Amino acid sequence: WRYSDTFWCRDCGRVLCDSHRYQHTCERLDALKERNAKITKEALLEQLREDEARKEAQEAAAKAEERRAAEKLEEEKSRRKNQRKLLAHKAKQVESFIQQRSRDTDGLRPAVHNKLLDLYPRVKRLSLALYNQFEHPDSTEVGGPDWEEVKEIYAEARELTNMIVMTENGPLDMRNPWDPPDPEAQEAPMEGA
């Protein structure tokens with residue numbers, strides 16, 4: 001016999017050749033028929049109720065699992081949205097800082113002023129890009145190269161102006177709550193001990 005001429009019994013799992021396919025009597029099916037022939041009407045109704053209850057419980061468990069998965073997905077989306085919002089807010093603060101410093105030329109050397117004027121269009125573009133990612137994300141990434149560039153621009157602007165952005169909570173912290181701990185900050189307490 002050829003492999004393509006074989007059949008599989010769904011009930012008992014046996015593989016049968018074409019010549020024995022229709023002669024096969026499945027032991028499981030026979031046992032079920034025999035058991036059902038001896039069952040009383042009440043017992044049959046009870047079995048049907050149990051089967052229905054088991055089916056409903058499985059469906060309820062599947063729906064609960066789907067709901068948990070959807071809630072987890074929504075929670076993840078919300079977390080990323082909040083992170084993007086924080087990045088967009090910080091980028092806008094850096095943009096406003098550079099704009100203000102480039103307008104106020106008192107005490108600025110011409111080279112510093114020109115450098116700030118060069119930084120402003122870049123940071124404005126990046127700030128807008130980060131805000132657009134907050135409003136209409138096109139990936140699951142948060143920040144990425146745009147955020148890294150904003151941090152570099154802010155560091156350069158701080159160095160040029162010897163000034164920092166002050167917020168309600170003190171100096172603008174370009175580190176985010178979800179960033180991994182800074183290795184230098186971890187080593188500092190050890191040195192003082």
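## The loop between α4 and β3

N162 lies in the loop between α4 and β3 (166-167); helices (H or I, at least four residues) and strands (E, at least two) are DSSP runs, numbered from the N terminus. Although N162 is not a glycine, it has a positive phi of about 55°. Most residues other than glycine have a negative phi. With a relative accessible area of 71%, N162 is exposed; here buried means under 20% relative accessible area, exposed over 50%, and partly exposed in between (1.4 Å probe, protein chains only).

The model is predicted, so local features need pLDDT of at least 70 and side-chain atom pairs count only at pLDDT 80 or more, while totals for chains, interfaces and linings use all residues. Residues are numbered from 1 along each chain as its sequence is written, and side-chain values use heavy atoms, with hydrogens and water left out.

## Helix α3 and its packing

Helix α3 (residues 110-135) has 26 residues and reaches 37 Å from its first C-alpha to its last, close to the 38 Å expected at 1.5 Å a residue. The expected span is 1.5 Å times one less than the number of residues in the helix. The buried residues of α3 are V112, H113, L116, L119, Y120, V123, L126, S127, L130 and F134. These buried residues pack against α2 (41-103) and α4 (144-161).

H113, in helix α3, counts as buried at 18% relative accessibility. Leaving aside neighbours within four places in sequence, H113 is in contact with S102, T105 and L108, where contact means heavy atoms within 4.5 Å.

The structure holds 2 aromatic pairs. One of them joins F97 and Y154 in an edge-to-face arrangement, with 6.1 Å centre to centre and 75° between the planes. Rings of Phe, Tyr and Trp (its six-membered ring) pair if their centres lie within 6.5 Å; planes under 30 degrees apart count as stacked, over 60 as edge-to-face and the rest as tilted. Because F97 lies in helix α2 and Y154 in helix α4, the pair ties together parts that are 57 residues apart in sequence. F97 is buried at 10% relative accessibility, and Y154 is buried at 1%.

Q93 is also placed in helix α2. Not counting residues up to four places away in sequence, Q93 touches V165, T167 and L172. The C-alpha atoms of Q93 and T167 are separated by 8.8 Å, although these residues are 74 residues apart along the chain.

## Salt bridges

Side chains of opposite charge can pair when their charged atoms come close. A salt bridge is a side-chain nitrogen of Lys or Arg within 4 Å of a carboxyl oxygen of Asp or Glu, and a search of the whole structure finds 13 of them. In helix α1 (residues 27-38), the side chains of K38 and E34 meet in a salt bridge at 3.5 Å, N to O. K38 and E34 are 4 residues apart and therefore separated by about one helical turn. K38 is exposed, with a relative accessible area of 65%, whereas E34 is partly exposed at 48%.

In helix α2, E76 and R79 are 3 residues apart, about one turn of the helix, and their side chains meet in a salt bridge (2.1 Å, N to O). Both are partly exposed: E76 has a relative accessible area of 31% and R79 has 37%. E76, R79 and R80 are linked in a network of salt bridges. Helix α4 holds K151 and E148, likewise 3 residues apart and about one turn of the helix, with a salt bridge of 3.4 Å, N to O, between their side chains. K151 is partly exposed at 26% relative accessible area, as is E148 at 39%. An α-helix has 3.6 residues a turn, so residues three or four places apart point the same way.

## A nonpolar surface patch

L44, L45 and L48 form a nonpolar patch on the surface, with about 250 Å² of accessible area together; of these residues, L48 is placed in helix α2. Patches are made of residues with over 30% relative accessible area and no salt bridge, with like charges joined within 9 Å and nonpolar side chains (Val, Leu, Ile, Met, Phe, Trp, Tyr) within 5 Å. Accessible areas come from the Shrake-Rupley method with a 1.4 Å probe, and for residues only the protein chains shown count as cover.
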